[in-house]
Structure formats: C-alpha cells, structure tokens
Amino acid sequence: MSRIDYDLTKIRAFACDVDGVLSPSVIPMHISGEPLRMVNIKDGYAIQLAVKRGFRFAIISGGRSEGVRVRFAGLGVQDIYLGASLKVPVLNEWMQKHNLRPEEVAYLGDDIPDIEAMQCVGLPVAPADAAPEVKEVARYISPCMGGYGCGRDVVEQVLKAQGLWMSDHHAFGW
C-alpha cells in the first residue's frame, strides 16, 4: 500500500532535480572545480524500469555537469535539461512536448529553485532533508534523504500502484 496520499494511477511522468534529490546535498569537488556527484544505484534501477514501462522522465537541473547527462542517458532518460536557471519554463515545455497534464506528473525537488516547478504538477515530492520551504509545498515527503533512495521510493510506489513493479521480465534486468 502506498504512503503517498494521491491517486498514483494518474502518474505518467516524473521530473527530477539532481543535486539534493538524486544525489546527496553534499558533494565532493574535483580540483578543477567540477562538482562530483554520487548517485544511488537503487534510484537508477527504478528510473530505468519506469522508462522501460513507458513513463516519461525528465532531469531538470541548474547544474551543468556532463557526468549527469551521461548517467541518466545511460538509464534511458531522453529529456535531460542542464543549466536550467528557471525550472518552470523547462518543465512546461517538457509537459507540452509530451502532452502531459499537471495531474499526471510527479516533480521531485529539494530546494528553493524547485518550489515554483513543484507548484505546477499534481504530485510535488521532497526528500526528507529538503529545505523547510520545499516541504511546505510538497504533497509527499519521502522518508529517504536526497541521494539515498528518494527517487526509488516514489517511482516504486507509482509502479506498484499501477501493477508494473516486478510484474514481468522487464523487472529482472537492466
């Protein structure tokens, strides 16, 4: 049974910030100044399974790291927007491109730049360690911290609600 108070059968798409959501809020810096991200393997498994199941997935990040693009493209994510200083225009363009209604989208965000985008979708989600202002607009606050399974938590609950979690051979491979 889902812990999310929302009709998860409506969800067709996920939009996610990266830093603080799919990677921890604290990240090491390379000597060149490039932030190095850690990612959660279980988040990755859930994301690639959702993509295989036909869900739309967007990465919308203010960061510009090509490592982020490589990681999520490798999971099958086609819509990767880096350097998005304002997220609402990017989110709206992506939703229009894929004919998505707000109630069909979950947005996972953790900090102030995500608030307006979270207010544009049916299911705004925050990790446990999100900024207090973000938690105020979230419809669901994951018990997982950003980078430590928040993505998996939400995607798994949606797939389970739709009978798509471990339901056939797609679930048992990458």
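Let me start with a term: a residue is buried if its relative accessible area is under 20%, exposed if over 50%, and partly exposed in between, using a 1.4 Å probe and protein chains only. One more: helices (H or I, at least four residues) and strands (E, at least two) are DSSP runs, numbered from the N terminus.

Now the model. It is predicted, so local features need pLDDT of at least 70 and side-chain atom pairs count only at pLDDT 80 or more, while totals for chains, interfaces and linings use all residues. Residues are numbered from 1 along each chain as its sequence is written, and side-chain values use heavy atoms, with hydrogens and water left out.

First, the sheet. Strands of a sheet pair through backbone hydrogen bonds, either parallel or antiparallel. Here, two strands pair if DSSP finds at least two bridges between them. What is the order of the six strands in the open sheet? Reading across, the order is β3-β2-β1-β4-β5-β6, and the pairing is parallel. The edge strands are β3 and β6, the latter at residues 140-141, and each pairs on one side only.

Take β1, residues 13-16. Ala13 and Ala15 point one way. Phe14 and Cys16 point the other way. All of them are buried.

Now the neighbours of β1. On β2, residues 56-60, there are four bridges, and the two strands run parallel. Ala13 stands opposite Arg56. Phe14 stands opposite Phe57. Cys16 stands opposite Ile59. With β4, residues 105-108, β1 again pairs in the parallel sense, over four bridges. There, Ala15 has Tyr107 as its bridge partner.

Why is β2 described as largely enclosed by the rest of the structure? Because four of its five residues are buried. β2 also pairs with β3, residues 79-81, through three bridges, running parallel. In that pairing, Ile60 is partnered by Tyr81 of β3.

Next, how the chain gets between these strands. A crossover is right-handed if, with the strands pointing away from the viewer, the path from the first strand over the helix to the second runs clockwise. β1, helix α1 (residues 41-52) and β2 make a right-handed β-α-β unit. From β2 the chain crosses through helix α2, residues 66-74, to β3. That β-α-β crossover is right-handed too.

On to helix packing. Axes are lines fitted to C-alpha atoms, for helices over the stretch in contact, and angles run from 0 to 180 degrees between N-to-C directions. Contact means heavy atoms within 4.5 Å. Helix α3 lies across β1, β2, β3 and β4, and runs at about 160° to β2.

Then look at α1 and α6, the latter at residues 150-161. Their axes come within 8 Å and cross at roughly 35°. Which residues make the contact? From α1 they are Lys42, Asp43, Tyr45, Ala46, Leu49 and Ala50. From α6 they are Cys150, Gly151, Arg152, Val155 and Leu159. Seven of these contact residues are nonpolar, one is polar and three are charged. For that tally, Ala, Val, Leu, Ile, Met, Phe, Trp, Tyr, Cys and Pro count as nonpolar, Asp, Glu, Lys and Arg as charged, and the others, Gly among them, as polar.

Now two loop residues. His98 lies in the loop between α3 (87-97) and β4. Is His98 buried or exposed? His98 counts as buried, at 13% relative accessibility. Leaving aside neighbours within four places in sequence, His98 is in contact with Arg12, Arg56 and Asp79.

Asp114 lies in the loop between β4 and α4 (115-118). Asp114 counts as buried, at 1% relative accessibility. Not counting residues up to four places away in sequence, Asp114 touches Asp17, Lys87, Tyr107 and Gly109. Asp114 and Cys16 are 98 residues apart in sequence, but 9.2 Å apart in space, C-alpha to C-alpha.

Last, backbone angles. Most residues other than glycine have a negative phi. Asn99 has a positive phi, near 55°. Asn99 is found in the loop between α3 and β4, and is exposed, with a relative accessible area of 64%. Met166 also has a positive phi, about 55°, although it is not a glycine. Met166 is in the segment after α6, and counts as exposed at 52% relative accessibility.
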